[in-house]
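Dear colleague,

I am passing on the structure below, followed by notes on what turned up when I went through it. Please read the notes with the coordinates open beside you.

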Amino acid sequence: MAGKAGDPVRAAASGTVAYAGKGIRAYGNLLIIKHGNDYLTAYAHNQTLLVKEGQTVQAGQQIATVGHTGSNRDMLHFELRRQGQAIDPLSALPAQ
């Protein structure tokens, strides 16, 4: 997803921060939020992380700012995973 450095990154759903750091070089500053037993969301290339591991976050809460750590341009890499497998985030949205 394109974005500008400093733009807010918000949690897609409520959950608990399972990982906050830069231990996976290709993803730069990475946040992983656990949503129940089946789902995780990942937010990569953040400029600033605003939450810590173990912290509970609410849907829509600002959790980071867009950056380019681990990337050559400002961006947010977002993933939704169900039972460890990446899935299309659009499939998890309610019907309109």
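T65 is found in strand β6 (strands are DSSP runs of E with at least two residues, numbered from the N terminus), and T65 is buried, at a relative accessible area of 10% (buried means under 20%, exposed over 50% and partly exposed in between, with a 1.4 Å probe and protein chains only). Leaving aside residues up to four places away in sequence, T65 touches G6, D7, V9, N46, Q47 and T48, where contact means heavy atoms within 4.5 Å.

This is a predicted model, in which local features need pLDDT of at least 70 and side-chain atom pairs count only at pLDDT 80 or more, while totals for chains, interfaces and linings use all residues. Residues are numbered from 1 along each chain as its sequence is written, and side-chain values use heavy atoms, with hydrogens and water left out.

One of the contacts of T65, N46, lies in strand β4, residues 39-49, and is buried with a relative accessible area of 0%. The side chain of N46 reaches the backbone oxygen of Y43 at 2.9 Å. With residues up to four places away in sequence again not counted, N46 touches, among others, V9, L31, A64 and L76.

Strand β4 pairs with β7 (residues 77-82) in the antiparallel sense over six bridges, pairing being assigned if DSSP finds at least two bridges between two strands. β7 in turn pairs with β8 (residues 85-87), also antiparallel, over three bridges. R81 of β7 is the bridge partner of L40, and the bridge partner of R81 in β8 is A86. In the hairpin of β7 and β8, which has two residues between the strands, Q83 takes a positive phi near 50°.

The count of salt bridges comes to one, taking a side-chain nitrogen of Lys or Arg within 4 Å of a carboxyl oxygen of Asp or Glu as the rule. R81 forms a salt bridge with E79, with the closest N and O atoms 2.8 Å apart; R81 is partly exposed at 28% relative accessibility, whereas E79 is buried at 14%.

Methods: Helices (H or I, at least four residues) and strands (E, at least two) are DSSP runs, numbered from the N terminus. A polar contact is a pair of N or O atoms within 3.5 Å; within protein, one must be able to donate a hydrogen and the other to accept it, and residues adjacent in sequence count only if both atoms are side-chain atoms.
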